[in-house]
Structure formats: structure tokens, C-alpha cells
Amino acid sequence: MEQGVEAARELKHVVVREHVRSLVQGAAPGTPAPSERELVSQFGVARMTVRQALDALVVEGLLERMPGRGTFVARPRRERGQVTSFSEVVARRGQVAESTTVLARLEQAGPGVARALQTDPGAAVVHWKRIRRAGGETICIQDAYLTPETVPGLLDALPESLYQALDRHQLRPTWSEDAIRADLVSDEERTLLDLTGEDPSPVLRVARRALHDERVVEVSSSVYRTDRFTLHLQLGPAN
């Protein structure tokens, strides 16, 4: 009985996804996609089913979400450079990356992590939290999440580099979605980042969803000291 319900849910997701695809295929970038509310009403399905269908099209690059505005036909993806890890960024600057593990364990995925990893809320995920250093100086705090099957046995023998471990499983990220914002450090972060004084300290927060082709392999959240790290972005001409 449960298998039948699951199959029906999957079929509904596919029907909604392909309906939206047929509506937006070939449309100009920026064209609004049907809203979740419209699709729920039209197909009589749960909002989660509609969201799953739209998420699949976002991952494909056909749609893109704009917070506070809605979902639209995506701009063509331009050619991307290599997705680099913290260790690789530090090495390019002539320094050696070091890490201290704060925690490494299995946890239940919260709603945000589950959505980013395309898994179910409450599903088991690996959470690896590290303090990252370069040249002996604390640079950032990094929380990485991935599903256990992505790198089997990861918690049994933590690697020096997560991206190297992904590479060994032929899952090296080929592209990523990064969100960057400025913020003030929290009390806990101040301690972990070795910040002194009591005045508010600015930090850079970088949220990343890393993918191998169209498969999400890792999501991470990093908090950088702005006095020890400069984020460099490589940009090209618009299409």
C-alpha cells in the first residue's frame, strides 16, 4: 500500500514538472513561471509535490528563484570556472590550510538543509563543522552537510579535504550556487574565530550548494573573518 502511495506521489511530481516545462520551454529569460499556489489549485496536489517539481527545474537550470519575487525562466548559464575548496584557495595564496574539527556526526536534516540537499526533512545527514586556518591564523568556521551515501564511511576516517574525498568518488563539484552577505559575528562565532574585544565585528557569510552535474553533493555555510580573508570573484561579460 505504501509503495502505491509513493508511486502516485512520484507520478504527480513528474506530471507537474513536465507541465511547467512545457509552459516555459523556449520562453524568454525572466518570464514568470506558474506560482506554487496556482499549481496546487490546478492539480489538486500538496505544496510539497509542487515544490519538488519546481526544484527539479531549478536544478536543471531551466528556472531560477528570486527571493521575495517568485520563480522565473532562468538566464542561460555561462561557462563556469572550477569550484574550489578552502584548501585550494589557501594553497593558491602560498599558504597551507589547517583544520580543527568541532563536530562530525550524523544528524537529522532540518527543513533548510533537506531542501538544499534534495532529501526529506528528518533524513540522516552528515554534519562536519571545522575551524579553518591558513598560515596559523584562524580564517573561518565552516559547516558542511552531505548525505551519508555521498561519501560512505566519511565519519570513520575524516579526510584532510572534503573535495578530495568527493573526487575519489567521482563526485567532485562541477559547479556551485553561492550566496554571500555581510553580517555581525555572534558570541559563539567570536570565540571560535579568535576575535578579541567586545565591539561588533563584521564577518562574511557564504552559503554554498555544490553540485556534480545536476546532483547536489554538499551544502555548506562558512563564516569568514573580514580582516584576514578577501573573497575574489571571477566575472565575465553578460550574454
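This is a predicted model: local features need pLDDT of at least 70, side-chain atom pairs count only at pLDDT 80 or more; totals for chains, interfaces and linings use all residues.
**View 1. The protein chain as a whole.** The protein chain contains 7 helices and 8 strands, and its C-alpha trace spans about 55 × 45 × 35 Å along the principal axes. Of its 239 residues, 41% count as buried, while the accessible surface comes to about 14,000 Å², with 50% of that area belonging to carbon and sulfur atoms.

**View 2. The open sheet of 6 strands.** The strands follow the order β3-β4-β5-β8-β7-β6 and pair in the antiparallel sense. Because β3 (97-108) and β6 (175-184) stand at the edges with a single partner strand each, one side of each is left without a neighbour in the sheet. From one strand to the next, the twist averages 15°.

**View 3. The pairing of β4 with β5.** Strand β4, which covers residues 124-134, is joined to β5 by 9 bridges in an antiparallel arrangement. Within this view, Arg-133 can be found opposite Thr-138, a residue of β5.

View 4. Leu-155 is located in the loop that runs between β5 (137-146) and α6 (162-168). The relative accessibility of Leu-155 is 32%, and it therefore counts as partly exposed, a class that lies between buried, under 20%, and exposed, over 50%.

Note on methods. Residues are numbered from 1 along each chain as its sequence is written. Side-chain values use heavy atoms; hydrogens and water are left out. Helices (H or I, at least four residues) and strands (E, at least two) are DSSP runs, numbered from the N terminus. Buried means under 20% relative accessible area, exposed over 50%, partly exposed in between (1.4 Å probe, protein chains only). Two strands pair if DSSP finds at least two bridges between them. Axes are lines fitted to C-alpha atoms, for helices over the stretch in contact, and angles run from 0 to 180 degrees between N-to-C directions. Accessible areas come from the Shrake-Rupley method with a 1.4 Å probe; for residues, only the protein chains shown count as cover.
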